[in-house]
Amino acid sequence: MFSCMSFRKRAAGSAEQTGREFMLREYGLMNTVNEVMRGRPHVGVAKRGASPTVRGRISGTDYAACEQLEDATGHTRSELVRAAVHNLLTEHNLVS
């Protein structure tokens, strides 16, 4: 007879293997799978912990334009916001 714990471990291992096989089929190379599984990219110099977060509200017109820019450039909203903030800080000589 199997204990509940050994069944859970087997089930978890099986799910993990199934997930890896799916990702390998989707992304092709194991290196790419590992990149995908790494999670969100680190921003800045720090390699540990969450990056600082800035939140704000924008007009519907600006939001629609941002969506158009995402589609046109292929960049994520986060990438576009980071670039916009950096450009503003550079314009005001606060960063280089």
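1. A pocket is an open set of grid points with protein on both sides within 12 Å along at least five of seven lines, and its lining residues have an atom within 4 Å of a point. Helices are DSSP runs of at least four residues, numbered from the N terminus.

2. The protein averages a pLDDT of 79, and 70% of the residues score at least 70. Confidence is highest in helix α3 (residues 60-73), with a mean of 94, and lowest in helix α2 (residues 30-37), with a mean of 63. Where pLDDT is low, the predicted coordinates should not be read in detail.

3. As to the overall fold, the protein has four helices and zero strands. Read from the N terminus, the order of elements is α-α-α-α. Of the 96 residues in the protein, 5% are buried.

4. The largest pocket has a volume of about 1,400 Å³. It is lined by 31 residues, of which V54, R77, S78, V81 and R82 are the closest to its centre. Helices α3 and α4 (77-91) each supply at least two residues of this lining. The greatest contribution to the lining comes from α4, with ten residues.

5. E70 deserves a separate look. This residue lies in helix α3. Is E70 buried or exposed? E70 counts as buried because its relative accessible area is 18%, and the cut-off for buried is under 20%. The side chains of E70 and R77 are joined by a polar contact of 3.1 Å. Leaving aside residues up to four places away in sequence, E70 touches H75, T76, R77 and L80.

6. The last point concerns N93, which is found in the segment after α4. Although N93 is not a glycine, it has a positive phi of about 55 degrees. N93 is classed as exposed because its relative accessible area is 69%, and the cut-off for exposed is over 50%. E70 is thus buried, whereas N93 is exposed.

Definitions and conventions. Residues are numbered from 1 along each chain as its sequence is written. This is a predicted model: local features need pLDDT of at least 70, side-chain atom pairs count only at pLDDT 80 or more; totals for chains, interfaces and linings use all residues. Side-chain values use heavy atoms; hydrogens and water are left out. pLDDT is the predictor's confidence in each residue, from 0 to 100. Buried means under 20% relative accessible area, exposed over 50%, partly exposed in between (1.4 Å probe, protein chains only). A polar contact is a pair of N or O atoms within 3.5 Å; within protein, one must be able to donate a hydrogen and the other to accept it, and residues adjacent in sequence count only if both atoms are side-chain atoms. Contact means heavy atoms within 4.5 Å. On a 1 Å grid over the protein atoms alone, a cavity is a set of points where a 1.4 Å probe fits but cannot get out, and a pocket is an open set with protein on both sides within 12 Å along at least five of seven lines; lining residues have an atom within 4 Å of a point. Grid points are joined across faces, edges and corners, and a volume is the space filled by probe spheres set on the points.
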